[in-house]
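Okay, thanks for coming, everyone. Let me put the structure up, and then I'll walk you through a few spots.

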Amino acid sequence: MALRGNLRDFTVTQLLNLINLAQKTGTLVVDGPSEQAQIAFREGKLAFARVGNEDNRLATVLHKSNKLSVNQYRTIVERAGHMTDKELGLALINAGYVSQEDILLNLQGYFTDIIRRLFTWVEGIFHFEAEMPPPDDRINVRLDLENLIIEGSRQLREWEQLQDEIPSLDMALKFTERPLKNVNLSVEEWRVVSYINPKNTIRQIAATNKMNDLEIRRIVYGLLQAGLVEVTRPEGAKVPLPQRSFPTENKEEQKSLVNKLIGRIRSL
Amino acid sequence: MQTVKMVVTGPFSAGKTEFIQSVSEIDVVSTERKISGKEERSVKESTTVAMDFGRITVDEDLVLYLFGTPGQKRFDFMWEILSEGMLGFIVMVDSTRPETFREARSILETFRAYAPTPYVVAANKQDKKDAWEIEDMRHALRLDAKTKLLPCTATDRASVKSILLELLYSILAEMESGK
């Protein structure tokens with residue numbers, strides 16, 4: 001049966017576990033909330049990963065991890081733009097710019113980061129393409145999945161706890177009476193704090209700050225725990241008034257009804 | 001015949017069924033089933049899977065129905081259905097099981113999102129020696145000073161009456177404030 005489904009029913013960690021146990025070769029394609037990730041495996045080991053349109057060429061990965069200077073990077077892009085990553089890797093090793101170990105370690109780090117980002121995706125459709133092996137023209141790694149699975153499980157537990165604490169992102173936040181003085185907040189926390197207003201839902205604050213569900217929940221949880229903010233119904237939101245809580249629309253009759261209930265309960 | 005309803009919610013084994021049984025004039029229509037999970041079975045033998053249903057007749061024209069929600073999270077699809085049209089709700093929390101406080105908080109937030117009706121939090125099993133102090137529970141549940149957190153013993157009718165009355169007072173106060 002085709003391995004396809006929804007991340008809500010089958011998490012990334014569970015998928016990695018399955019691929020690891022079945023020693024699968026192929027590519028896991030995940031269509032997330034805003035981009036697509038492709039993770040390639042060979043015999044149950046991570047071989048290659050890409051996400052969205054991110055530039056994942058070897059030169060860029062090495063430059064971002066400070067293994068290539070700006071000048072070296074520019075030169076490579078200008079003169080060796082036509083080379084495959086494998087050819088470029090060999091040329092860089094032969095020229096003494098980097099070692100084979102540097103290349104593999106940095107690619108492993110880059111691919112691992114993509115998997116970590118994938119752990120934060122809770123919405124998305126996935127399918128596994130057994131006919132799509134890791135790309136031949138790119139440098140593949142062979143990374144055991146066990147450590148990533150353990151890390152993913154840890155993150156999943158955190159995610160479940162955060163969902164319990166903040167079940168709905170459609171609620172808003174408001175400041176408590178505790179002043180924000182002498183509080184050390186990170187840049188991300190300040191970005192969230194600056195949008196706290198009963199008019200803004202937590203989801204809107206996340207979207208404005210380009211944060212995913214996990215990131216916003218982590219920050220809001222911290223602010224709630226510190227007693228700096230509290231959850232409130234968004235101002236101006238259409239209140240889902242209970243469908244006819246009272247059998248009458250008349251306010252006085254409603255009060256009379258509640259008083260009758262009070263009298264009855266007292267007499268029990 | 002006019003009918004109104006209140007909802008009794010809270011985590012698994014918080015005492016919701018007992019609460020309703022203490023004041024209902026009919027035998028509670030319960031949908032209890034034997035528990036399959038080993039961990040949950042160590043707490044109690046059976047649990048509510050759809051809802052509990054109790055009744056208090058006020059007079060020949062008015063009846064109050066009490067609905068108890070299932071506590072286990074996998075039955076939470078029932079919560080929204082049960083919350084429709086409620087006058088208010090009671091969140092039951094087992095004062096002796098701090099491991100359920102976070103879930104109680106989550107249930108409270110979920111119900112607040114369903115409907116902006118008044119609610120009270122009942123700290124059940126306050127008669128047990130290992131029950132948490134009310135003020136400690138207030139901090140653990142992150143309830144502000146305005147939220148009513150009331151000591152409760154779900155098996156004691158007088159205690160249950162006082163919880164229901166406090167909820168009704170809150171409903172009345174909200175009506176009078178014109179909210």
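Helices (H or I, at least four residues) and strands (E, at least two) are DSSP runs, numbered from the N terminus. Now, this is a predicted model, so local features need pLDDT of at least 70 and side-chain atom pairs 80 or more, while totals for chains, interfaces and linings use all residues. Residues count from 1 along each chain as its sequence is written, with chains lettered from A and ligands numbered from 1 in the order written.

Chain B, then. H1 (residues 16-23) of chain B packs with H6 (residues 157-176) of chain B at about 95°, axes 9 Å apart. That makes H1(B) roughly perpendicular to H6(B), a label that covers 65 to 115 degrees. Who makes the contact (C-beta atoms, placed from the backbone, within 7 Å)? From H1(B) it's B:Phe19, B:Ser22 and B:Val23, and from H6(B) it's B:Arg157, B:Val160, B:Lys161 and B:Leu164.

Over to chain A, with its 10 helices and 7 strands. Strand E6 (residues 172-175) of chain A runs antiparallel to E7(A), with 4 bridges joining them. A:Phe175, for one, has A:Val229 in E7(A) as its bridge partner.

Of the 268 residues in chain A, 26% are buried.

Technical notes:
Axes fitted to C-alpha atoms, helices over the stretch in contact; angles between N-to-C directions. Parallel < 35°, antiparallel > 145°, perpendicular 65-115°, else oblique. Contact = placed C-beta atoms within 7 Å. Buried ≥ 20, exposed ≤ 12 C-beta atoms within 10 Å, placed from the backbone. Pairing = 2+ DSSP bridges.
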